[in-house]
Amino acid sequence: MTAVRHLDPTDLDAVRRAVGLNDPSSPLGGIGIRRIVIGPDALDELPQLVGGVRQPGSIALVVDDTPMRRGPDDLKALVAACLAAVDPDIGINVVRLRAGHGGLHADAAAIAEVVAGAAGAGCVVALGSGTICDIAKEASRAIGAPFVVVQTANSVNAFSDDMAVLLINGVKRTMPSRWPDVLVIDLTVLADAPAALNRAGVGELAAMFTAPADWRLAEAFGMDPSWDRRVVDLFRNGATALLDAAPGATSDNVVAQRTLAELMTLSGLALGIAGKTSPISGTEHTVSHLLDMAAAGSGRPAGLHGAQVGVAALAVAVAWERLLATFDPRVLLSARPPAPAAMHERIVAAFRALDPSGAMAEECWSEYRQKLDHWNAARAGLPAVVERWPEIRADLASLLGRPAAIAGALRSAGASATFAEIDPAVARGDAEWALFNGHLIRNRFMLADLAWFAGEWTADAAAAAIDEAAAVALAAARPVSGAAS
Ligand SMILES: [Zn+2]
(Lines give C-alpha, C1' and ligand atoms only; values in the text may rest on other atoms or scores of the structure.)
Protein backbone atom coordinates (compact mmCIF):
# COMPACT_ATOMS: atom_id res chain seq x y z
CA MET A 1 0.00 0.00 0.00
CA THR A 2 1.41 3.37 -0.95
CA ALA A 3 2.03 5.82 1.87
CA VAL A 4 1.44 8.93 -0.24
CA ARG A 5 -0.04 11.83 1.71
CA HIS A 6 -3.60 12.41 0.60
CA LEU A 7 -4.69 15.78 -0.71
CA ASP A 8 -6.47 18.39 1.35
CA PRO A 9 -9.85 18.71 -0.41
CA THR A 10 -10.33 22.29 0.85
CA ASP A 11 -7.57 23.23 -1.62
CA LEU A 12 -9.71 22.82 -4.72
CA ASP A 13 -7.03 24.18 -7.03
CA ALA A 14 -4.67 21.44 -5.86
CA VAL A 15 -7.38 18.86 -6.52
CA ARG A 16 -7.87 20.27 -10.01
CA ARG A 17 -4.14 20.13 -10.69
CA ALA A 18 -3.88 16.55 -9.40
CA VAL A 19 -6.34 15.29 -12.01
CA GLY A 20 -5.16 17.57 -14.80
CA LEU A 21 -8.34 19.64 -15.00
CA ASN A 22 -6.23 22.62 -16.05
CA ASP A 23 -5.47 20.72 -19.26
CA PRO A 24 -8.06 21.92 -21.81
CA SER A 25 -8.01 18.52 -23.53
CA SER A 26 -9.04 16.71 -20.32
CA PRO A 27 -12.19 14.64 -20.86
CA LEU A 28 -13.00 14.98 -17.16
CA GLY A 29 -15.71 17.23 -15.79
CA GLY A 30 -14.90 20.22 -13.61
CA ILE A 31 -15.54 20.87 -9.92
CA GLY A 32 -18.52 23.12 -9.30
CA ILE A 33 -18.00 23.58 -5.56
CA ARG A 34 -16.80 27.08 -4.72
CA ARG A 35 -15.69 26.50 -1.11
CA ILE A 36 -15.13 23.54 1.21
CA VAL A 37 -14.47 24.35 4.86
CA ILE A 38 -13.38 21.63 7.28
CA GLY A 39 -12.52 22.31 10.92
CA PRO A 40 -13.48 21.77 14.57
CA ASP A 41 -15.53 25.01 14.52
CA ALA A 42 -16.32 25.30 10.81
CA LEU A 43 -19.90 26.30 11.65
CA ASP A 44 -18.60 29.66 12.87
CA GLU A 45 -17.96 30.50 9.21
CA LEU A 46 -21.46 29.58 8.04
CA PRO A 47 -22.98 33.11 8.15
CA GLN A 48 -20.16 34.53 6.05
CA LEU A 49 -20.17 31.60 3.62
CA VAL A 50 -23.93 31.77 3.06
CA GLY A 51 -23.73 35.56 2.79
CA GLY A 52 -21.15 35.14 0.04
CA VAL A 53 -23.31 32.99 -2.24
CA ARG A 54 -26.95 33.83 -1.49
CA GLN A 55 -29.26 35.67 -3.81
CA PRO A 56 -32.06 38.02 -2.71
CA GLY A 57 -34.80 36.26 -0.78
CA SER A 58 -35.18 34.17 2.35
CA ILE A 59 -32.94 31.26 3.36
CA ALA A 60 -34.49 27.79 3.33
CA LEU A 61 -33.07 25.30 5.85
CA VAL A 62 -33.93 21.70 4.94
CA VAL A 63 -33.93 19.21 7.82
CA ASP A 64 -35.59 15.96 8.87
CA ASP A 65 -37.08 15.20 12.28
CA THR A 66 -34.03 13.38 13.69
CA PRO A 67 -32.69 15.03 16.87
CA MET A 68 -29.12 16.27 16.32
CA ARG A 69 -26.71 17.77 18.81
CA ARG A 70 -23.43 19.64 18.75
CA GLY A 71 -21.99 19.39 22.25
CA PRO A 72 -24.65 20.79 24.59
CA ASP A 73 -26.56 22.52 21.79
CA ASP A 74 -29.45 21.50 19.58
CA LEU A 75 -27.72 21.49 16.17
CA LYS A 76 -30.75 22.56 14.13
CA ALA A 77 -31.42 25.56 16.40
CA LEU A 78 -27.74 26.43 16.29
CA VAL A 79 -27.61 26.39 12.48
CA ALA A 80 -30.87 28.38 12.26
CA ALA A 81 -29.29 30.99 14.56
CA CYS A 82 -26.15 31.09 12.37
CA LEU A 83 -28.33 31.68 9.30
CA ALA A 84 -30.33 34.38 11.06
CA ALA A 85 -27.02 36.20 11.56
CA VAL A 86 -26.51 36.41 7.77
CA ASP A 87 -29.00 39.27 7.46
CA PRO A 88 -31.38 40.41 10.23
CA ASP A 89 -33.90 41.55 7.63
CA ILE A 90 -34.59 38.17 6.05
CA GLY A 91 -36.48 35.17 7.32
CA ILE A 92 -35.23 31.63 7.89
CA ASN A 93 -37.64 29.20 6.38
CA VAL A 94 -37.26 25.78 8.02
CA VAL A 95 -38.49 23.00 5.72
CA ARG A 96 -38.89 19.91 7.89
CA LEU A 97 -39.33 16.59 6.10
CA ARG A 98 -40.96 13.77 8.01
CA ALA A 99 -40.03 10.15 7.42
CA GLY A 100 -43.03 8.19 6.23
CA HIS A 101 -43.49 4.44 6.45
CA GLY A 102 -40.21 2.81 5.42
CA GLY A 103 -38.10 5.92 6.13
CA LEU A 104 -37.36 9.10 4.22
CA HIS A 105 -36.62 8.67 0.51
CA ALA A 106 -35.27 11.06 -2.09
CA ASP A 107 -38.33 10.68 -4.29
CA ALA A 108 -40.41 13.06 -6.38
CA ALA A 109 -42.83 13.77 -3.50
CA ALA A 110 -40.07 14.77 -1.07
CA ILE A 111 -38.39 16.99 -3.68
CA ALA A 112 -41.72 18.67 -4.51
CA GLU A 113 -42.31 19.30 -0.80
CA VAL A 114 -38.99 21.13 -0.50
CA VAL A 115 -39.54 23.05 -3.74
CA ALA A 116 -42.89 24.28 -2.38
CA GLY A 117 -41.52 24.97 1.11
CA ALA A 118 -38.47 26.82 -0.20
CA ALA A 119 -40.40 29.04 -2.64
CA GLY A 120 -38.82 32.49 -2.76
CA ALA A 121 -35.58 31.35 -1.15
CA GLY A 122 -32.33 32.94 -2.29
CA CYS A 123 -30.34 30.06 -0.79
CA VAL A 124 -31.09 26.45 0.18
CA VAL A 125 -29.14 24.96 3.10
CA ALA A 126 -29.19 21.19 3.70
CA LEU A 127 -28.61 20.00 7.25
CA GLY A 128 -28.78 16.23 7.53
CA SER A 129 -28.00 12.84 6.08
CA GLY A 130 -27.20 11.88 2.50
CA THR A 131 -30.92 11.58 1.77
CA ILE A 132 -31.70 15.11 3.03
CA CYS A 133 -28.71 16.34 1.06
CA ASP A 134 -29.93 14.69 -2.17
CA ILE A 135 -33.51 15.98 -1.76
CA ALA A 136 -32.31 19.54 -1.08
CA LYS A 137 -29.78 19.27 -3.93
CA GLU A 138 -32.53 18.50 -6.41
CA ALA A 139 -34.91 21.11 -4.95
CA SER A 140 -32.28 23.88 -5.09
CA ARG A 141 -31.62 22.94 -8.70
CA ALA A 142 -35.34 23.14 -9.49
CA ILE A 143 -35.74 26.61 -7.99
CA GLY A 144 -32.35 27.85 -9.23
CA ALA A 145 -31.06 28.86 -5.80
CA PRO A 146 -27.48 28.57 -4.49
CA PHE A 147 -26.97 25.44 -2.39
CA VAL A 148 -25.03 25.04 0.86
CA VAL A 149 -24.47 21.69 2.61
CA VAL A 150 -23.80 21.33 6.32
CA GLN A 151 -22.61 17.73 6.68
CA THR A 152 -23.96 16.06 9.81
CA ALA A 153 -22.23 12.65 9.76
CA ASN A 154 -19.30 11.05 7.99
CA SER A 155 -21.49 8.32 6.56
CA VAL A 156 -21.64 8.57 2.74
CA ASN A 157 -19.92 10.50 -0.05
CA ALA A 158 -23.12 12.26 -1.24
CA PHE A 159 -22.12 15.62 0.27
CA SER A 160 -19.33 16.52 -2.15
CA ASP A 161 -20.54 15.36 -5.58
CA ASP A 162 -22.94 16.47 -8.28
CA MET A 163 -25.15 13.38 -8.29
CA ALA A 164 -28.24 12.37 -6.37
CA VAL A 165 -29.44 8.88 -5.48
CA LEU A 166 -33.13 9.13 -6.25
CA LEU A 167 -35.97 6.67 -5.83
CA ILE A 168 -37.66 6.54 -9.23
CA ASN A 169 -40.63 4.19 -9.59
CA GLY A 170 -39.32 2.23 -6.62
CA VAL A 171 -35.82 1.72 -8.09
CA LYS A 172 -32.78 3.49 -6.65
CA ARG A 173 -30.91 5.33 -9.39
CA THR A 174 -27.87 7.60 -9.29
CA MET A 175 -28.75 10.62 -11.42
CA PRO A 176 -26.77 13.67 -12.52
CA SER A 177 -27.67 16.58 -10.23
CA ARG A 178 -25.72 19.67 -9.18
CA TRP A 179 -22.72 20.53 -7.03
CA PRO A 180 -23.18 22.29 -3.73
CA ASP A 181 -21.79 25.84 -3.87
CA VAL A 182 -20.41 25.48 -0.36
CA LEU A 183 -19.71 22.43 1.84
CA VAL A 184 -19.27 22.99 5.57
CA ILE A 185 -17.80 20.11 7.61
CA ASP A 186 -17.72 20.92 11.31
CA LEU A 187 -15.63 18.21 12.98
CA THR A 188 -17.36 18.71 16.33
CA VAL A 189 -20.69 17.97 14.62
CA LEU A 190 -19.22 14.83 13.06
CA ALA A 191 -17.83 13.64 16.39
CA ASP A 192 -21.32 14.01 17.93
CA ALA A 193 -23.05 12.14 15.08
CA PRO A 194 -24.58 8.73 15.84
CA ALA A 195 -21.76 6.19 16.12
CA ALA A 196 -23.51 3.78 13.73
CA LEU A 197 -23.43 6.39 10.94
CA ASN A 198 -19.74 7.21 11.37
CA ARG A 199 -18.87 3.51 11.54
CA ALA A 200 -20.83 2.94 8.34
CA GLY A 201 -18.75 5.72 6.77
CA VAL A 202 -15.62 3.62 7.24
CA GLY A 203 -17.45 0.84 5.37
CA GLU A 204 -18.34 3.27 2.58
CA LEU A 205 -14.67 4.27 2.32
CA ALA A 206 -13.59 0.61 2.28
CA ALA A 207 -14.94 0.53 -1.28
CA MET A 208 -11.67 2.28 -2.22
CA PHE A 209 -10.02 -1.15 -1.85
CA THR A 210 -12.22 -2.89 -4.43
CA ALA A 211 -14.14 -0.50 -6.74
CA PRO A 212 -11.14 1.01 -8.55
CA ALA A 213 -10.09 -2.50 -9.63
CA ASP A 214 -13.47 -3.03 -11.29
CA TRP A 215 -13.07 0.25 -13.19
CA ARG A 216 -9.53 -0.70 -14.27
CA LEU A 217 -10.70 -4.18 -15.29
CA ALA A 218 -13.41 -2.66 -17.49
CA GLU A 219 -10.82 -0.53 -19.24
CA ALA A 220 -8.42 -3.46 -19.70
CA PHE A 221 -11.09 -5.53 -21.45
CA GLY A 222 -12.25 -2.70 -23.68
CA MET A 223 -15.51 -2.30 -21.76
CA ASP A 224 -15.03 1.26 -20.46
CA PRO A 225 -12.40 3.68 -21.80
CA SER A 226 -13.02 6.27 -19.05
CA TRP A 227 -10.56 4.79 -16.52
CA ASP A 228 -8.32 7.48 -15.04
CA ARG A 229 -5.75 6.59 -12.41
CA ARG A 230 -5.41 10.22 -11.30
CA VAL A 231 -9.08 10.32 -10.32
CA VAL A 232 -8.70 7.16 -8.25
CA ASP A 233 -5.50 8.44 -6.66
CA LEU A 234 -7.44 11.42 -5.25
CA PHE A 235 -8.76 9.14 -2.52
CA ARG A 236 -6.77 5.89 -2.98
CA ASN A 237 -3.58 7.69 -1.92
CA GLY A 238 -5.30 8.06 1.45
CA ALA A 239 -5.59 4.31 2.01
CA THR A 240 -2.93 4.25 4.73
CA ALA A 241 -4.51 7.29 6.36
CA LEU A 242 -7.88 5.51 6.37
CA LEU A 243 -6.42 2.50 8.16
CA ASP A 244 -4.76 4.82 10.70
CA ALA A 245 -7.86 6.96 11.29
CA ALA A 246 -10.51 4.21 11.39
CA PRO A 247 -10.13 3.60 15.16
CA GLY A 248 -11.11 7.24 15.76
CA ALA A 249 -14.27 7.14 13.61
CA THR A 250 -16.60 7.52 16.58
CA SER A 251 -14.30 9.52 18.83
CA ASP A 252 -13.74 13.24 19.29
CA ASN A 253 -10.19 12.81 17.99
CA VAL A 254 -9.99 15.81 15.65
CA VAL A 255 -7.12 14.38 13.59
CA ALA A 256 -9.01 11.15 12.88
CA GLN A 257 -12.28 12.97 12.17
CA ARG A 258 -10.53 15.35 9.81
CA THR A 259 -8.77 12.52 7.97
CA LEU A 260 -11.99 10.55 7.49
CA ALA A 261 -13.92 13.66 6.43
CA GLU A 262 -11.21 14.60 3.94
CA LEU A 263 -11.18 11.12 2.40
CA MET A 264 -14.98 11.07 2.19
CA THR A 265 -14.96 14.50 0.54
CA LEU A 266 -12.24 13.46 -1.93
CA SER A 267 -14.16 10.33 -2.89
CA GLY A 268 -17.25 12.45 -3.62
CA LEU A 269 -15.20 14.90 -5.67
CA ALA A 270 -13.75 11.96 -7.62
CA LEU A 271 -17.24 10.79 -8.62
CA GLY A 272 -18.24 14.27 -9.72
CA ILE A 273 -15.04 14.76 -11.72
CA ALA A 274 -15.37 11.34 -13.39
CA GLY A 275 -19.04 12.03 -14.10
CA LYS A 276 -19.88 8.51 -12.95
CA THR A 277 -19.75 6.49 -9.73
CA SER A 278 -17.21 3.96 -11.06
CA PRO A 279 -14.21 5.37 -9.11
CA ILE A 280 -15.63 4.16 -5.78
CA SER A 281 -18.68 2.07 -6.64
CA GLY A 282 -18.06 -1.43 -7.96
CA THR A 283 -19.07 -4.99 -7.15
CA GLU A 284 -19.31 -4.16 -3.42
CA HIS A 285 -21.96 -1.52 -4.16
CA THR A 286 -24.03 -3.90 -6.29
CA VAL A 287 -24.13 -6.25 -3.30
CA SER A 288 -25.46 -3.42 -1.13
CA HIS A 289 -28.05 -2.47 -3.76
CA LEU A 290 -29.30 -6.06 -3.94
CA LEU A 291 -29.52 -6.25 -0.15
CA ASP A 292 -31.62 -3.05 -0.24
CA MET A 293 -33.87 -4.56 -2.89
CA ALA A 294 -34.24 -7.80 -0.90
CA ALA A 295 -35.13 -5.88 2.25
CA ALA A 296 -37.65 -3.66 0.44
CA GLY A 297 -39.17 -6.66 -1.30
CA SER A 298 -39.89 -8.39 1.98
CA GLY A 299 -40.91 -5.25 3.87
CA ARG A 300 -37.89 -5.26 6.18
CA PRO A 301 -35.70 -2.25 6.96
CA ALA A 302 -32.32 -2.38 5.19
CA GLY A 303 -28.99 -1.89 6.94
CA LEU A 304 -27.04 1.35 6.60
CA HIS A 305 -25.57 1.79 3.13
CA GLY A 306 -21.97 2.07 4.31
CA ALA A 307 -22.30 -0.86 6.72
CA GLN A 308 -23.38 -3.09 3.83
CA VAL A 309 -20.74 -1.70 1.48
CA GLY A 310 -17.91 -2.31 3.97
CA VAL A 311 -18.86 -5.93 4.61
CA ALA A 312 -19.31 -6.50 0.89
CA ALA A 313 -15.92 -4.91 0.15
CA LEU A 314 -14.23 -7.47 2.39
CA ALA A 315 -15.98 -10.40 0.66
CA VAL A 316 -15.28 -8.91 -2.77
CA ALA A 317 -11.59 -8.39 -1.93
CA VAL A 318 -11.42 -12.08 -1.04
CA ALA A 319 -13.14 -13.01 -4.30
CA TRP A 320 -10.64 -10.87 -6.23
CA GLU A 321 -7.71 -12.50 -4.44
CA ARG A 322 -9.02 -15.98 -5.25
CA LEU A 323 -9.60 -15.07 -8.89
CA LEU A 324 -6.24 -13.39 -9.48
CA ALA A 325 -4.37 -16.30 -7.89
CA THR A 326 -5.36 -18.69 -10.66
CA PHE A 327 -7.07 -16.79 -13.47
CA ASP A 328 -5.78 -17.41 -16.97
CA PRO A 329 -7.44 -15.11 -19.53
CA ARG A 330 -6.71 -17.61 -22.31
CA VAL A 331 -9.78 -19.48 -21.09
CA LEU A 332 -11.86 -16.61 -22.50
CA LEU A 333 -10.56 -17.24 -26.01
CA SER A 334 -12.30 -20.59 -26.18
CA ALA A 335 -15.24 -19.89 -23.85
CA ARG A 336 -18.41 -19.26 -25.78
CA PRO A 337 -20.20 -16.08 -24.66
CA PRO A 338 -23.56 -16.81 -23.03
CA ALA A 339 -26.60 -16.74 -25.30
CA PRO A 340 -28.86 -13.75 -24.61
CA ALA A 341 -31.82 -16.05 -23.95
CA ALA A 342 -29.84 -17.98 -21.35
CA MET A 343 -28.77 -14.78 -19.60
CA HIS A 344 -32.31 -13.44 -19.65
CA GLU A 345 -33.42 -16.67 -18.04
CA ARG A 346 -30.74 -16.41 -15.35
CA ILE A 347 -31.84 -12.85 -14.52
CA VAL A 348 -35.52 -13.81 -14.40
CA ALA A 349 -34.64 -16.69 -12.06
CA ALA A 350 -32.50 -14.46 -9.81
CA PHE A 351 -35.25 -11.89 -9.21
CA ARG A 352 -38.41 -13.99 -9.47
CA ALA A 353 -38.80 -14.55 -5.73
CA LEU A 354 -38.37 -10.83 -5.03
CA ASP A 355 -40.74 -9.63 -7.73
CA PRO A 356 -43.03 -12.27 -9.24
CA SER A 357 -44.36 -9.67 -11.71
CA GLY A 358 -41.01 -9.85 -13.52
CA ALA A 359 -40.71 -6.04 -13.77
CA MET A 360 -37.54 -5.98 -11.68
CA ALA A 361 -35.91 -8.65 -13.85
CA GLU A 362 -36.82 -6.75 -17.02
CA GLU A 363 -35.37 -3.53 -15.56
CA CYS A 364 -32.10 -5.40 -14.87
CA TRP A 365 -32.14 -7.10 -18.27
CA SER A 366 -32.47 -3.74 -20.06
CA GLU A 367 -29.09 -2.79 -18.54
CA TYR A 368 -27.44 -6.20 -18.70
CA ARG A 369 -28.23 -6.90 -22.35
CA GLN A 370 -26.20 -3.81 -23.31
CA LYS A 371 -23.25 -5.17 -21.35
CA LEU A 372 -23.58 -8.52 -23.09
CA ASP A 373 -23.67 -6.86 -26.54
CA HIS A 374 -20.64 -4.81 -25.60
CA TRP A 375 -18.78 -7.92 -24.44
CA ASN A 376 -19.47 -9.71 -27.71
CA ALA A 377 -17.97 -6.75 -29.56
CA ALA A 378 -15.02 -6.42 -27.17
CA ARG A 379 -14.03 -10.10 -27.51
CA ALA A 380 -12.06 -9.23 -30.63
CA GLY A 381 -9.54 -7.56 -28.33
CA LEU A 382 -9.03 -10.62 -26.12
CA PRO A 383 -5.75 -11.81 -27.69
CA ALA A 384 -4.18 -8.46 -26.85
CA VAL A 385 -5.53 -8.67 -23.29
CA VAL A 386 -4.00 -12.14 -22.93
CA GLU A 387 -0.65 -10.74 -23.97
CA ARG A 388 -0.85 -7.83 -21.51
CA TRP A 389 -2.37 -9.86 -18.67
CA PRO A 390 0.72 -9.94 -16.38
CA GLU A 391 0.82 -6.14 -16.45
CA ILE A 392 -2.97 -5.82 -16.01
CA ARG A 393 -2.92 -8.33 -13.19
CA ALA A 394 -0.17 -6.42 -11.37
CA ASP A 395 -2.10 -3.20 -11.78
CA LEU A 396 -5.28 -4.77 -10.38
CA ALA A 397 -3.35 -6.21 -7.44
CA SER A 398 -1.90 -2.78 -6.66
CA LEU A 399 -5.38 -1.26 -6.56
CA LEU A 400 -6.90 -3.93 -4.34
CA GLY A 401 -6.69 -3.87 -0.56
CA ARG A 402 -5.67 -6.96 1.35
CA PRO A 403 -8.69 -8.59 3.02
CA ALA A 404 -6.95 -8.58 6.42
CA ALA A 405 -6.35 -4.82 6.16
CA ILE A 406 -9.97 -4.16 5.21
CA ALA A 407 -11.22 -6.33 8.08
CA GLY A 408 -8.80 -4.54 10.43
CA ALA A 409 -10.12 -1.11 9.40
CA LEU A 410 -13.75 -2.17 9.83
CA ARG A 411 -13.04 -3.83 13.19
CA SER A 412 -11.00 -0.95 14.55
CA ALA A 413 -13.87 1.44 13.76
CA GLY A 414 -16.34 -0.90 15.44
CA ALA A 415 -18.07 -1.33 12.07
CA SER A 416 -19.74 -4.52 10.86
CA ALA A 417 -17.24 -6.88 9.25
CA THR A 418 -19.58 -9.82 8.47
CA PHE A 419 -23.07 -9.94 6.99
CA ALA A 420 -24.40 -11.34 10.27
CA GLU A 421 -23.06 -8.29 12.15
CA ILE A 422 -24.99 -5.78 10.03
CA ASP A 423 -28.01 -4.28 11.82
CA PRO A 424 -30.44 -5.85 10.98
CA ALA A 425 -28.48 -9.05 10.34
CA VAL A 426 -28.30 -10.17 6.71
CA ALA A 427 -29.31 -13.82 6.30
CA ARG A 428 -26.63 -16.05 4.85
CA GLY A 429 -28.77 -16.91 1.83
CA ASP A 430 -29.39 -13.23 1.04
CA ALA A 431 -25.67 -12.44 1.23
CA GLU A 432 -24.80 -15.26 -1.19
CA TRP A 433 -27.62 -14.26 -3.54
CA ALA A 434 -26.48 -10.62 -3.53
CA LEU A 435 -22.82 -11.39 -4.19
CA PHE A 436 -23.58 -13.96 -6.88
CA ASN A 437 -26.11 -11.80 -8.75
CA GLY A 438 -24.91 -8.23 -8.19
CA HIS A 439 -23.35 -7.95 -11.65
CA LEU A 440 -26.73 -8.56 -13.30
CA ILE A 441 -28.21 -5.17 -12.37
CA ARG A 442 -25.77 -2.82 -14.11
CA ASN A 443 -24.36 -2.16 -17.52
CA ARG A 444 -20.88 -2.02 -16.02
CA PHE A 445 -18.17 -4.68 -16.41
CA MET A 446 -16.78 -5.94 -13.12
CA LEU A 447 -15.08 -8.84 -11.35
CA ALA A 448 -18.14 -11.10 -11.43
CA ASP A 449 -18.64 -10.52 -15.17
CA LEU A 450 -15.09 -11.57 -15.96
CA ALA A 451 -15.36 -14.66 -13.76
CA TRP A 452 -18.82 -15.47 -15.18
CA PHE A 453 -17.67 -15.24 -18.80
CA ALA A 454 -14.73 -17.47 -17.86
CA GLY A 455 -17.11 -20.02 -16.33
CA GLU A 456 -15.68 -19.45 -12.85
CA TRP A 457 -18.45 -17.43 -11.16
CA THR A 458 -20.85 -19.77 -9.40
CA ALA A 459 -23.07 -19.57 -6.34
CA ASP A 460 -20.53 -21.85 -4.65
CA ALA A 461 -17.69 -19.46 -5.50
CA ALA A 462 -19.65 -16.58 -3.96
CA ALA A 463 -20.40 -18.66 -0.88
CA ALA A 464 -16.74 -19.63 -0.52
CA ALA A 465 -15.67 -15.97 -0.69
CA ILE A 466 -18.19 -15.07 2.02
CA ASP A 467 -16.93 -17.91 4.22
CA GLU A 468 -13.31 -16.90 3.81
CA ALA A 469 -14.18 -13.24 4.45
CA ALA A 470 -15.96 -14.21 7.67
CA ALA A 471 -12.86 -16.13 8.77
CA VAL A 472 -10.67 -13.10 8.01
CA ALA A 473 -13.09 -10.87 9.97
CA LEU A 474 -12.96 -13.26 12.91
CA ALA A 475 -9.19 -13.23 12.91
CA ALA A 476 -8.97 -9.43 12.74
CA ALA A 477 -8.14 -7.81 16.04
CA ARG A 478 -11.08 -6.61 18.10
CA PRO A 479 -11.19 -2.82 18.66
CA VAL A 480 -8.71 -1.41 21.12
CA SER A 481 -10.52 -0.20 24.25
CA GLY A 482 -11.92 3.29 23.79
CA ALA A 483 -11.65 3.15 20.02
CA ALA A 484 -15.31 2.33 19.54
CA SER A 485 -17.61 4.05 21.96
ZN1 LIG B 1 -21.65 4.33 -1.45
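At what angle do helix α15 (residues 340-351) and helix α16 (residues 359-378) pack, and how far apart are their axes? Before I answer, let me say that this is a predicted model, in which local features need pLDDT of at least 70 and side-chain atom pairs count only at pLDDT 80 or more, while totals for chains, interfaces and linings use all residues. Residues are numbered from 1 along each chain as its sequence is written.

The two helices pack at an angle of about 145 degrees, with their axes 9 Å apart; axes here are lines fitted to C-alpha atoms, for helices over the stretch in contact, and angles run from 0 to 180 degrees between N-to-C directions. Helices (H or I, at least four residues) and strands (E, at least two) are DSSP runs, numbered from the N terminus. On the α15 side P340, M343, H344, I347, V348 and F351 take part, and they meet M360, A361, C364, W365, Y368, R369 and L372 of α16, where contact requires C-beta atoms, placed from the backbone, within 7 Å. By class, this contact has eleven nonpolar, one polar and one charged residues, with Ala, Val, Leu, Ile, Met, Phe, Trp, Tyr, Cys and Pro counted as nonpolar, Asp, Glu, Lys and Arg as charged, and the others, Gly among them, as polar.

Let me turn to the domains. The domain assignment gives domain 1 (31-193) and domain 2 (197-475), with bounds that come from an automatic or database assignment, and their C-alpha centres lie 29 Å apart. Across the boundary, 24 residues of domain 1 are in contact with 28 residues of domain 2. On the side of domain 1 that touches domain 2, β1 (35-39), β9 (171-176) and α6 (187-191) each supply at least two residues, and the residues of that side divide into 16 nonpolar, five polar and three charged.

Next, the core. The largest nonpolar core has 169 residues, of which V62, V124, V125, V184, A206, L314 and A315 touch the most other members; such a core is a set of buried Ala, Val, Leu, Ile, Met, Phe, Trp, Tyr and Cys residues joined through C-beta atoms within 7 Å. Its largest share, 13 residues, comes from helix α13 (residues 305-326), and the core draws at least three residues from each of domain 1 and domain 2.

Finally, A434 sits in helix α19 (residues 428-437). Why is A434 classed as buried? A434 counts as buried because 25 other C-beta atoms lie within 10 Å, and the cut-off for a buried residue is 20 or more.

How values were computed. Two residues are in contact if their C-beta atoms, placed from the backbone, lie within 7 Å. A residue is buried if 20 or more other C-beta atoms lie within 10 Å of its own, exposed if 12 or fewer, and partly exposed in between; C-beta atoms are placed from the backbone.
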